Amino acid sequence: MGSLEIRVSSREGSSDCGGTGRVSAAELQGIMDRIRSRVEEHKVQAAMDIRRLTKTSSRNRRHLSPAVEPLVSMLRSRSSESHEAAILALLNLAVKDERNKISIVEAGALEPLISFLESTNGNLQEYATAALFTLSASSVNKSRMSASGAIPLLVKVLTDGSQQAKIDATVTLYNLSTIVDNINTILSFHPIPPLVAFLKTCNKSSKTSEKCCALLESLVALDEGRTALTSEEGGVLAVVEVLEEGSPQSREHAVGALLTMCESDRSRYREVILKEGAIPGLLELTVQGTLKSQAKARRLLELLRDSPYPRSELQADTLENIVSNIVSQMDGDEQAEKAKKMLAEMVQISMEKSLRHLQRRALMCTPTELPLGKRPSEVSSK
């Protein structure tokens, strides 16, 4: 999916300090003088100004990038007011600015930010998690962040943090999981129980659900992740519910996770997935999902049937045959009946699409594309 920089934080850039605008040379110099001052109040005011001016302006982020080092120094002060002001200023400096993301980490921000994940100050923990989320969107920072000990504390935030902190911790862990070596490290701190618990509480069509499923899809790439998901009560069911009710992107991640499991060990995971009632959602995805979802759903349906291989080249199975085979193996009249109904609807939609396609072709067809015997006469009608 690439970098999941979907939303930096609901708090990012939300300032009461007024609007933004181009920084004049005099204003820039004044801010830099204050941020380097020995007076704590001056530093805090300068950080607030930086936060305000970099809220939406990429130009100001460039002009104020020299403030990174003094802002990072503020993270090491003893004042929680300085901590919060500095984090929010750094957060806005980092948004959509790769160079600032890297320079913030190079200036030594990771150690204090990671320590704030354990803070009893809820706001400080939230701000630090949001900052780490933003910094983790840079590929250069990912290895440094995991090496700095962020992963176990991010899992702890996922377990005990506020709703917003959990969301940002989830995406930070996803960003770190795009480095394969980090997946083992993440799994070693048992993130799946709190991740599943969080997913269960989410609106299945929300961005939060999308982020949870993206991380789960990464984690089930390893056997330890698959075992943890199936061992967690309601774990697979939570993914299946997203498959049925989620946004297009959430459903793509959900079917990707289930497919990864089934492809890794069909005999082990086929019954688990069928038991949780995945068939109706998969059928709907074959017609209405994204292109990736459609392909993954069809492949998973093939793996879920009694035999995953066509009986012969002359009897290559249609999707309808595959699903009929699966339904015949299913327990529970209600689930089987729902799958049959979905199959009928899917076939109807498919037929309607084919008819519309033929009608469009007929309207677009030029005389030279028609068979010779059916071309209109080229004799003048005069």
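Trainee: Which residues of helix α16 (residues 235-245) are buried?

Mentor: This is a predicted model, in which local features need pLDDT of at least 70 and side-chain atom pairs count only at pLDDT 80 or more, while totals for chains, interfaces and linings use all residues. Residues are numbered from 1 along each chain as its sequence is written, and side-chain values use heavy atoms, with hydrogens and water left out. Buried means under 20% relative accessible area and exposed over 50%, with partly exposed in between (1.4 Å probe, protein chains only). In α16 the buried residues are Gly235, Val236, Ala238, Val239, Val240, Val242 and Leu243.

Trainee: What covers the buried residues of α16?

Mentor: Cover is judged by contact, that is, heavy atoms within 4.5 Å. Over the buried residues of α16, the cover includes α13 (192-201), α14 (207-219), α15 (223-231), α17, α18 (266-275) and α19 (279-288).

Trainee: How many helices and strands are there in the protein chain?

Mentor: Helices (H or I, at least four residues) and strands (E, at least two) are DSSP runs, numbered from the N terminus. The chain has 382 residues, of which 48% count as buried. Among its contacts with a separation of 6 or more, 71% join residues 24 or more positions apart. The count for the protein chain is 22 helices and zero strands.

Trainee: Is Ala47 buried or exposed?

Mentor: Ala47 lies in helix α2 (residues 40-53). Leaving out residues up to four places away in sequence, Ala47 touches Ile35, Leu71, Met74, Ala85, Ala86 and Ala89. Leu71 in turn has contacts including Ile35, Ala47, Ile50 and Leu90. Because its relative accessible area is 0%, Ala47 is buried.

Trainee: How far apart are the C-alpha atoms of Ala47 and Pro70?

Mentor: Along the chain, Ala47 and Pro70 are 23 residues apart.

Trainee: How does α17 run relative to α20: roughly parallel or roughly antiparallel?

Mentor: Helix α17 (residues 248-264) packs on helix α20 (residues 291-304) at an angle of about 30°, and their axes are 9 Å apart. Angles under 35 degrees count as roughly parallel, over 145 as roughly antiparallel, 65 to 115 as roughly perpendicular and the rest as oblique. So α17 and α20 are roughly parallel.

Trainee: At what angle do the axes of α8 and α11 cross?

Mentor: Helix α8 (residues 122-136) and helix α11 (residues 163-177) have axes that come within 8 Å. Residues making the contact include Leu132 and Phe133 of α8 and Val171 and Leu176 of α11. The axes of α8 and α11 cross at roughly 25°.

Trainee: What is the phi of Lys96?

Mentor: Most residues other than glycine have a negative phi. Lys96 sits in the loop between α5 and α6 (98-106) and is exposed, with a relative accessible area of 73%. Its phi is positive, near 55°.

Trainee: Where is His190 found?

Mentor: His190 is not a glycine, yet has a positive phi of about 55°. His190 is exposed because its relative accessible area is 55%. Its place is the loop between α12 (180-187) and α13.

Terms used: Axes fitted to C-alpha atoms, helices over the stretch in contact; angles between N-to-C directions.
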